[in-house]
Amino acid sequence: MDRAPGPSVRLRLTLSYAAFLMVAGALLLAAVWLFLLRYVPERALLVPSGTPIRYDVFPVRSNLLRVFAPRAAGVLAFLLVFGLVGGWFLAGRMLAPLTRVTEATRKAANGSLSHRVRLPGRRDEFRELADAFDTMLARLDAHVSEQRRFAANASHELRTPLAITKALLDVARTDPEHDTAELLDRLHAVNARAIDLTEALLLVSRAEQRSFAREDVDLSLLAEEATETLLPLAEKHGIGIETSGGITPTTGSEALLLQLTMNLVHNAIVHNLPGQGRVWVSTAVLAETVALTVENTGEHLTPELAGTLTEPFRRGTERVHTDHAGAGLGLAIVRTITHAHDGTLTLTPRPSGGLRITVELPVNVGG
């Protein structure tokens, strides 16, 4: 924003300090006049000698004024100079932390998010501002880094189906006798994967921006709906599903929270022991939160590997990749939706194999 140039804050503070000293000095001199000089007689009072008074002649107000006025003016001039010089020095000292914050802000505006203010000393208003600014820069730096990594991964994932489509079309162009039905089936599968990936990216963006209306939601109903919807897929893989839990009221987007539940249940089904696996879906009301927990049997996972599964396009190296494996955004979407609803996401490997995922959201007391 273009602004007209104006006096600096340091100059205005300096003038304020000087003006304050001048006003204080004038008030002091006025007090001397009101409470001291007004009691001095205007005429000389002669006292006969021999009286028990120490001085023979009392001071006269006019004489005192002639002596007092120039010195008072000199004191006011000194206070003006002292206020300007001292005010300029004090204002500089006081505004030094703000100058450092301004320099850091300019660097951040130019794209340098790694710079930090780090003001030393005890806590005060300026240091609280600097600490808040450093915290904001740290979060912004992490967010930008994550977005860049996410964009790179998304570009890579989207390039794959496009490259496959181009290869299939090139083969069909050079080989007129190629099976058209098989080509159409493969193109349909590749196109469906690209659509799923694009929709997942749009869902992540929508959740990150928190561009959704909040309403009363019961997680237990969403869990039942998700398990009923995905029951045919579970039966196809030979996976048994159990649901439990009572009413778990919270607030948020019902569509996004349903997508979160669907992703968790879908993930638990497709990454399981085929033909003998189990999935447990439960909801519960805790002290100040409601919890949705999805557990499944499966391969043994290390805590380090489990901690990386919420990153975009990250899949466990030992996890089964099937036609329902998705785009690698399932748990990343879960994490994004959870954070958008001010919740927490916890992934814990089960000792006997598989994974336990718990989503905690703020409880809706009025619900």
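Predicted model: local features only at pLDDT ≥ 70, side-chain atom pairs only at ≥ 80, totals over all residues.
Residues are numbered from 1 along each chain as its sequence is written, and side-chain values use heavy atoms, with hydrogens and water left out.

The protein chain contains eight helices and seven strands; helices (H or I, at least four residues) and strands (E, at least two) are DSSP runs numbered from the N terminus. Of its 367 residues, 35% count as buried, where buried denotes under 20% relative accessible area, exposed over 50%, and partly exposed the range in between (1.4 Å probe, protein chains only). The accessible surface of the protein chain amounts to about 22,800 Å², with 59% belonging to carbon and sulfur atoms; accessible areas come from the Shrake-Rupley method with a 1.4 Å probe, and for residues only the protein chains shown count as cover. Among contacts (heavy atoms within 4.5 Å) with a separation of 6 or more, 70% are between residues 24 or more positions apart.

Five salt bridges are present in the structure, each defined as a side-chain nitrogen of Lys or Arg within 4 Å of a carboxyl oxygen of Asp or Glu. One of them joins Asp 170 to Lys 166, with an N to O distance of 3.1 Å. Both residues belong to helix α3 (residues 125-174) and are four residues apart, about one turn of the helix. Asp 170 counts as partly exposed because its relative accessibility is 31%, while Lys 166, at 54%, counts as exposed.

A salt bridge also connects Arg 278 with Glu 242, the closest N and O atoms being 2.4 Å apart. This pair links distant parts of the chain, since Arg 278 lies in strand β4 (residues 278-285) and Glu 242 in strand β2 (residues 240-244), 36 residues apart. Arg 278 is partly exposed at 31% relative accessible area, as is Glu 242 at 38%. In the salt bridge between Asp 342 and Arg 214, the closest N and O atoms are 3.9 Å apart. Here too distant parts of the chain are linked: Asp 342 is in the loop between α8 (330-340) and β6 (344-349), and Arg 214 is in the loop between α4 (180-209) and β1 (215-218), 128 residues apart. Asp 342 is partly exposed, with a relative accessible area of 48%, and Arg 214 is partly exposed at 42%.

A patch of negative charge on the surface gathers Glu 215, Asp 216, Glu 224, Glu 225, Glu 228 and Glu 254. Patches comprise residues with over 30% relative accessible area and no salt bridge, like charges being joined within 9 Å and nonpolar side chains (Val, Leu, Ile, Met, Phe, Trp, Tyr) within 5 Å. The place of a charge is taken as NZ of Lys, CZ of Arg, CG of Asp or CD of Glu. Elements giving two or more residues to the negative patch are β1 and α5 (219-237), and α5 supplies the largest share, three residues. Glu 215, found in strand β1, is partly exposed with a relative accessible area of 40%.

Asp 134, in helix α3, is buried yet has no salt bridge; the nearest side chain of opposite charge, that of Arg 116, is 5.2 Å away. Lys and Arg count as positive and Asp and Glu as negative, while His and the chain ends are not counted. Apart from its neighbours within four places in sequence, Asp 134 is in contact with Arg 116, Val 117 and Arg 118.
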